[in-house]
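These are my notebook entries on one structure. I record here what I looked up, entry by entry.

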Amino acid sequence: MRSVIVCPSCDLAHQAAMAAPTQGTRCARCRAPLQRPENGSIDAAIALALCGLVLFCLGNAYPLVEIQANGTTRVTTLVGAALGLYAQDHVALGALVFITTVAGPFLQIASLLYLLIPLRRGRSARGESTVFRLLAQVRPWTFVEVFMLGALVALVRLSGYARVIPGVALWSCGLLMLTLAALTNRTTPSQFWRWVERSRM
């Protein structure tokens, strides 16, 4: 029985084609991509994940922004922003900020490193399929780009009332956003399972 691929855009079922690693396939009806070509080695994916881990640590260790107004200076971190919302009785919003900007990116980076490093050595991580399924569910909850957009809008508005100095963490979050986008592009499900099949040969 041949494998079937369902188009993510129009739900048309296709028989899986044995495309070359450098080629991709498209939906016959809407032309959406079905199988992407290989776009990098596993080493590049691991390097991006390590880079993302460093940026994540910087983004949580240093202040996001420094605000100077009326002779006082206030600084906050990413976790501090979530705790501040919680302290002001915005429990759901504080939890959402923590999950989407701290827990989500960390789980994405950590799970990819857990899966990719053994694959690089030709082995499989324990619970490989379960962890990758968890990763697929965590990825949609990683909203670093939404956080960055909201932070930039808020900082522009605050700059009219106080002196706003972007911190190291804000720049790190911006770079982390780009790194996670590149990492997601290089570790699609089809690409990951190709690496798994190659490690078993």
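**Entry 1: Loop residues with positive phi**

I began with Asp11, which counts as exposed because its relative accessibility is 59%; the classes are buried under 20% relative accessible area, exposed over 50% and partly exposed in between, with a 1.4 Å probe and protein chains only. I note that the model is predicted, that local features need pLDDT of at least 70 and side-chain atom pairs pLDDT 80 or more, while totals for chains, interfaces and linings use all residues. Residues are numbered from 1 along each chain as its sequence is written, and side-chain values use heavy atoms, with hydrogens and water left out.

I located Asp11 in the loop between β1 (4–6) and β2 (13–15); helices (H or I, at least four residues) and strands (E, at least two) are DSSP runs numbered from the N terminus. Asp11 is not a glycine, yet its phi is positive, at about 65°. Most residues other than glycine have a negative phi. I found a positive phi of about 70° at Arg31, again not a glycine. Arg31 sits in the loop between β3 (25–26) and β4 (33–35).

**Entry 2: Largest pocket**

I looked up the largest pocket and recorded about 770 Å³ of space. A pocket is an open set of points on a 1 Å grid over the protein atoms alone, where a 1.4 Å probe fits, with protein on both sides within 12 Å along at least five of seven lines; lining residues have an atom within 4 Å of a point. The volume is the space filled by probe spheres set on the points, which are joined across faces, edges and corners.

The lining has 25 residues, and Leu64, Thr76, Ala81, Leu85 and Phe147 are the closest to the pocket centre. Two or more lining residues come from each of β5 (65–69), β6 (72–76), α2 (78–87), α3 (91–120) and α5 (144–158). With seven residues, α5 gives the most.

**Entry 3: Nonpolar cores**

I then turned to the largest nonpolar core, which has 35 residues; Leu64, Leu116, Leu119 and Phe192 have the most contacts inside it. Such a core is a set of buried Ala, Val, Leu, Ile, Met, Phe, Trp, Tyr and Cys residues joined through side-chain atoms within 4.5 Å. Among the elements that give two or more residues to this core are α1 (42–61) and α4 (128–138). Another core, of six residues, lies apart from it and includes Ile5, Cys7, Ala16 and Leu34.

I listed the contacts (heavy atoms within 4.5 Å) of Leu64: beyond four places in sequence, its partners include Thr76, Phe147, Pro166 and Cys173.

Which side chain does Thr187 join through a polar contact? I found that of Arg139, at 2.4 Å; a polar contact is a pair of N or O atoms within 3.5 Å, one able to donate a hydrogen and the other to accept it within protein, and residues adjacent in sequence count only if both atoms are side-chain atoms. Thr187 lies in the loop between α6 (168–186) and α7 (189–199), and counts as buried because its relative accessibility is 1%. Leaving out residues up to four places away in sequence, Thr187 also touches residues including Leu112, Leu116 and Trp195.

I placed Thr142 in the loop between α4 and α5. Thr142 counts as buried because its relative accessibility is 8%. The side chains of Thr142 and Gln108 make a polar contact of 3.3 Å.
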